[in-house]
Amino acid sequence: MNFAKYAKVFEVGVQNTFVYRWNFALRSVFGIVPLIGTIFLWRALYGDDPARVLSSYTFSALITYFAMTVLVENLVTPTEDEWQIAGEIRDGKLSALLLKPLNYLAYRFALYASYRALYSAVIMPGVLLIFFLLRAHITLPPEVLTWLAFGASTVLAALLQFLVAYTVAMIAFWLLEITTIVFIIYSFEYFLSGRVFPLDMLPAWVQPAVKWSPFTYEMYFPVQVFMGRVKGDALVQGMAIQAAWVLILYILATTLWRAGLRRYHAAGG
Amino acid sequence: MKRHLAIYRLAIRNSLIRDMSFKLNFLLWMLVEVLWFIGQLAFIEVLYGQVDSIAGWTKWELVALVGTHQIVAQLFQAFFYVNIAAIPELVRTGRLDLLLTLPIDAQFAVSTRQISFDSIVNALVGGGIVVFALLKLGIVPGPVQIALCIAAILLGIAVHYSVMFSLACISFWSVRAQFIHGYFNLFMIGRYPEAVFRGAFRFIFTWLLPIIWVSNAPAQLLARPFDNPWPGITALASGTLISLAATRALWRFALRRYGSASS
C-alpha cells in the first residue's frame with residue numbers, strides 16, 4: 001500500500017479548507033454561544049452552590065464534561081463528509097475517482113483526517129481559551145494511563161464517527177435524496193452521544209441500552225474516560241465495545257460499497 | 001405591492017404542489033423534527049429529575065417555552081430558512097442574475113422563493129404542546145395575552161430573518177458560506193429561560209441581538225402571566241426595527257459588490 005498518494009490527498013484537503021476562513025470563524029462562534037448558554041442553564045440548576053451534587057456531578061465536574069464534549073466534537077465530528085460522498089455518488093463524479101488507483105474509503109478517510117486536523121489546529125486557540133477561562137472548574141486527569149486511554153478512545157471515536165458518516169452516505173447508491181436519512185440519524189446521534197446532557201443522568205432502566213448503543217462511544221465515552229469516571233474492568237470493556245462497533249461499521253461500509261458499485265451507473269457522467 | 005402578492009401566491013401554490021409530489025420526503029422531514037422535539041422534551045425530563053425549579057421556572061412553564069420556541073423556529077423555517085440558506089449558492093453560481101432582473105424587489109424575490117409546508121405542520125405540533133402545558137399549569141390566557149403573544153412571535157420571526165439574512169450576505173465576500181447551516185445553533189439559547197442568563201452575555205443577547213427574547217417573550221405572556229411582559233416585547237420590537245433596517249442596508253451594500261459569476 002502506497003501512503004504517499006493519501007498524504008497528497010491530505011495536503012490538497014488542507015489547502016482547500018484554508019481558503020475559507022470566514023467559514024471557520026463563524027462556525028466557531030456558532031459553536032461557542034450554545035456552550036455558554038448551556039453553562040448558564042446548569043448554573044441556575046446548581047443555584048451557585050459548589051458543593052451541590054446532581055446525579056454524581058458537581059457543577060465543576062459538569063463544566064469539565066461540557067468543555068470536553070466541545071473539544072472531542074471539534075477533534076472528531078465530520079462536518080461535510082457525508083454530503084460530499086453522497087454528492088460524488090449522485091453526480092457521477094465517482095467515475096473519475098474509480099479510474100485512479102485509489103481505495104475510495106482510504107481516500108475519503110485521508111480527506112476527513114486532513115479536514116479534522118486543520119480544523120482542530122485553527123480552533124485550538126479558541127478551545128484553549130475556553131479551558132483557560134473555565135480553569136477553576138476543570139480538573140485534568142492525574143494519571144498518565146488515563147491520558148493514554150483517553151487518546152485511544154478518541155481515535156476510536158473518530159473512526160466510529162467517520163464510518164457512520166461514510167456508511168450513511170453509501171445509501172446514495174440506492175436513493176437520490178439522502179438528506180432526511182442523514183438528519184434522522186443525526187438527531188439520534190445528537191442526543192444519544194451525550195452532547196446535550198451526560199448519559200448517566202438518564203434513568204436506570206435506560207442504562208443497559210446506553211451501554212450497548214454505538215452513539216455512546218462517539219463522544220460520551222471518551223469524555224467519561226478523561227474524567228476518570230470509567231476505570232479498570234469497565235474501561236477495558238468499554239473500549240472493547242467501542243472497537244467492536246468500529247469493526248462492525250467497517251464491515252457494513254465495505255459491504256454496502258461493493259453492493260452499491262454493482263448498481264452504480266454514473267448518472268450524467 | 002399587488003404584483004408582489006400575486007407572485008407570492010404563485011410561490012405558495014408551487015411549493016404546495018412540490019411538497020405533495022414528494023410525499024415520503026415530506027413525511028420524513030416531519031419525522032426529523034418530531035425526533036428533535038422529543039429529544040428536547042426528554043432533556044427537560046432529565047433536568048427536572050434533578051431539581052424542581054430552574055431560575056424560578058417550573059417544568060410545565062419550561063415545556064411551554066420549548067413549545068413556543070418550536071412555533072417560532074418552525075414558522076421561520078417554513079417561510080424563510082430554505083430561501084436564505086440558498087443565497088450563498090445563488091451568489092456562487094451566478095443564478096442570482098435571474099432574480100435581479102425580475103420587476104420586483106430583489107430582496108423580496110430571494111426571500112420568498114418557496115414555503116415548506118412540513119414546517120407549518122410542525123409549528124402546529126409546537127402549538128399543541130404549548131396548549132397541553134397551559135392545561136397542566138391551569139392557565140387560560142385572555143384575548144389580550146394571545147394577541148400580544150402572536151405579535152411577539154411575528155417580531156421573533158423578523159429577528160430570525162434579519163440575523164440570518166445578514167449572515168447570508170457575507171457570501172458576497174466569501175464564496176463558500178456553509179457556516180449558514182450552523183445558524184440554528186445560535187438560536188438554541190432561546191429555549192432557555194431568560195432569567196438564567198447574566199452579565200455581558202445577557203446584555204448582548206437581550207438588547208443588542210434579542211435572541212433570548214424571541215421565544216421567552218411570547219412564552220412568558222402565556223405561561224407566566226405574573227411576569228412583566230413589557231421588557232421583552234420592547235426589546236423585541238426595537239431589535240426588530242433596528243435589525244431589519246441594518247439588513248436592508250447590508251443587502252444593498254452587498255449587491256453593489258455583486259459582479260455575477262460567469263460574465
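This is a predicted model: local features need pLDDT of at least 70, side-chain atom pairs count only at pLDDT 80 or more; totals for chains, interfaces and linings use all residues.
Trainee: How much area do chain A and chain B bury between them?

Mentor: The size of an interface is often given as the accessible area lost when the parts come together. Here the contact draws 37 residues from chain A and 36 residues from chain B. Of the area buried between the two chains, 76% is on carbon and sulfur atoms, and the total is about 3600 Å².

Trainee: Which element gives the most to the side of chain A that touches chain B?

Mentor: Between chain A and chain B the count of salt bridges is zero, and the rule finds one residue pair in polar contact across the interface, with both residues at pLDDT 80 or more. On the side of chain A that touches chain B, the elements giving two or more residues are helix H2 (21-46) and helix H8 (179-192) of chain A. By class, that side has 23 nonpolar, eight polar and six charged residues. With 16 residues, the element that gives the most is H2(A).

Trainee: Which element gives the most to the lining of the second largest pocket?

Mentor: This pocket has a volume of about 450 Å³, and among its 19 lining residues, those nearest its centre are Phe191(A), Leu192(A), Leu202(A), Val206(A) and Ala42(B). Two or more residues of the lining come from each of H8 and helix H9 (207-212) of chain A and helix H2 (23-50) of chain B. The element that gives the most, with five residues, is H2(B).

Trainee: How many residues of that lining are charged?

Mentor: The lining of the second largest pocket divides by class into 15 nonpolar and four polar residues. The number of charged residues in this lining is therefore, with Asp, Glu, Lys and Arg counted as charged, none.

How values were computed
Residues are numbered from 1 along each chain as its sequence is written. Chains are lettered from A and ligands numbered from 1 in the order in which they are written. Side-chain values use heavy atoms; hydrogens and water are left out. Contact means heavy atoms within 4.5 Å. Buried area is the accessible area (1.4 Å probe) that two parts lose on being put together, summed over both. A salt bridge is a side-chain nitrogen of Lys or Arg within 4 Å of a carboxyl oxygen of Asp or Glu. A polar contact is a pair of N or O atoms within 3.5 Å; within protein, one must be able to donate a hydrogen and the other to accept it, and residues adjacent in sequence count only if both atoms are side-chain atoms. Helices (H or I, at least four residues) and strands (E, at least two) are DSSP runs, numbered from the N terminus. On a 1 Å grid over the protein atoms alone, a cavity is a set of points where a 1.4 Å probe fits but cannot get out, and a pocket is an open set with protein on both sides within 12 Å along at least five of seven lines; lining residues have an atom within 4 Å of a point. Grid points are joined across faces, edges and corners, and a volume is the space filled by probe spheres set on the points.
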